Amino acid sequence: MSDVVMDQVVAIVTPFARNKEALQSVGPDSTFLQDLQVSSSRLVDIILAIEDKFGIEVDDTEADKINTIGAAVSLIKSKQTH
Amino acid sequence: MQSTFGLSGPPPRWWGGRPRAVTPIDLTFRTRSKLAVSRLLGWLCVLPLGLLIVAIIRYHAKLKIRNHAELRRQFLEICRDQRPLVICANHLTIMDSVVLHWALASMPRYFWNYRLFSWNVPAVENATKYLSWRIITALSKCLAIDRAGNAEHHDDMLQQISFLVSRGELVTIFPEGTRSRTGRVEVETGTYGIGKIVRSIPGCRVLCIYMRGDGQFAYSTFPRLNETFTIKLKTIEPISSHRGLRAVRDCAQQVMLTIGQMEQEYFLAHPEFSPAFATAVGA
C-alpha cells in the first residue's frame with residue numbers, strides 16, 4: 001500500500017523537481033526543497049495536487065510539516081485511514 | 001515623528017484619511033528595530049543618493065519614460081486610497097526597482113512622504129554582488145532574500161513584508177521570482193508569496209505594474225542606453241472563494257494573470273516592440 005502511495009507521490013513531484021538526478025534515488029527521507037530542489041511555490045502545487053489525487057484536505061499546519069516525501073506519504077495514509 | 005520611525009504603535013493614517021483594515025502582525029523587537037533603522041537610514045539618504053542615481057539614469061544612461069508626469073499622477077492617486085498596497089511588477093533587468101522608484105515619484109516627494117518609497121526584496125546574491133550595490137541596498141529600504149533559503153527564512157521574509165504592508169508601507173515584489181528567461185511574463189511559473197501576503201492582510205490591494213523598454217526583447221542585466229520605457233499601472237484586489245493554500249495560489253495567480261494581460265495589451269498596442277517582430281526584421 002505504502003509503495004503505491006509513494007509511487008503516486010513521486011509521480012506528482014516529478015514535473016516540479018529541478019534536481020532530476022535526485023529523483024533516481026528518491027526515498028522517504030528525500031526533502032522537497034533541498035534534495036529535489038522544488039521551489040516553495042511549487043511545493044504548494046504539489047500539496048494541492050496531492051489533495052486532488054487522494055481526495056483529502058491538508059490544512060496549513062499540516063502543510064508546513066510536509067518537508068519530505070515520507071512526510072507526505074504518512075500524511076496521506078493517516079488521512080485515508082480516518 | 002512616531003516612535004521607531006513610524007514602524008511601531010498603531011497603524012498610521014495617510015493624508016488624514018480613515019484607518020486601514022489591518023491584521024495584527026507582530027515581529028520581534030529586534031526585527032522591528034532593524035526595519036526602523038533601515039527606514040531611517042533610507043530617509044536620510046533619499047535626497048543625496050536618490051538624486052545621484054536619478055542623475056546617472058537621466059544623464060548617463062539617458063533613460064526615459066513615456067507620459068512620466070501622468071504616471072506619477074496616477075501613482076499618487078492610487079496611494080491616496082488608505083488601504084494596504086503591494087506593488088507587483090514584471091521583471092526583466094536588475095535595474096527594474098531603480099527605474100520604478102524613479103518612475104513613480106520624485107525624490108523630493110519621497111523625502112516629504114517616505115512611505116511612498118517602496119521597500120524592495122532583492123535576491124541576496126544581487127544585493128551583495130558589488131560594494132556599490134551593497135551600499136545602495138543598505139540605504140534604500142531593502143529586505144534581501146535568499147531564494148535558496150529554507151522555508152523558515154521565506155516565512156520570516158513574508159512576515160516582515162506583511163508587517164510593513166499592514167503598517168501602510170509599500171513593498172515592491174516581483175512575483176515571477178526572477179527575471180523572465182523568456183522575456184515574457186511567465187504566468188504559469190509565478191511564485192505564491194504575494195498570495196500569502198494578500199491573504200494575511202484584509203483589504204490588501206495589489207498595484208500591478210507592467211514595464212518594458214522599447215528595446216527590451218529578452219531579459220538582461222541592464223536596460224540599453226537611451227532606452228524609453230512604457231509603464232502601465234492597474235490596481236486589483238485579489239479575492240478567492242477557496243481556503244488555505246488553494247486561496248493563496250488563487251490570489252497569486254490573479255496577480256500573475258493581470259500582469260500577463262497587461263503584457264498582451266502592451267504588445268497589441270506596440271507590435272513593433274515584440275520579440276517576434278524584432279526577430280523578423282533582424283533587430
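Predicted model: local features only at pLDDT ≥ 70, side-chain atom pairs only at ≥ 80, totals over all residues.

Biologist: How much area do chain B and chain A bury between them?

Modeller: Contact involves 13 residues of chain B and 14 residues of chain A. Of the area buried, 49% is on carbon and sulfur atoms. In chain B, the residues that lose the most are B:Tyr192, B:Leu245 and B:Arg246, together 52% of what that side buries. The area buried between the two chains is about 1100 Å².

Biologist: Which residue of chain B forms a salt bridge with A:Asp52?

Modeller: There are four salt bridges between chain B and chain A. In the one made by A:Asp52, the closest N and O atoms are 3.0 Å apart, within the 4 Å cut-off. The partner in chain B is B:Arg246.

Biologist: Which helix supplies the largest share of the side of chain B that touches chain A?

Modeller: Two helices of chain B, H7 (151–166) and H9 (244–269), each supply at least two residues of that side. The largest share is four residues, and the helix they come from is H9(B).

Biologist: How many residues are in the largest nonpolar core?

Modeller: Among the members that touch the most others are A:Val9, A:Phe32 and B:Ile173. B:Ile173 touches residues including B:Val86, B:Val121 and B:Ile194. Helix H9(B) gives the largest share of this core, ten residues. Apart from another core of 34 residues, the largest core has 67 residues.

Note on methods. Residues numbered from 1 in each chain as written. Chains lettered and ligands numbered in written order. Heavy atoms only, no water. Contact = heavy atoms within 4.5 Å. Buried area = accessible area lost by both parts, 1.4 Å probe. Salt bridge = Lys/Arg side-chain N within 4 Å of Asp/Glu carboxyl O. Core = buried A, V, L, I, M, F, W, Y, C linked by side-chain atoms within 4.5 Å. Buried < 20%, exposed > 50% of the residue type's maximum accessible area, 1.4 Å probe, protein only. Lists of a residue's contacts leave out its neighbours within four places in sequence.
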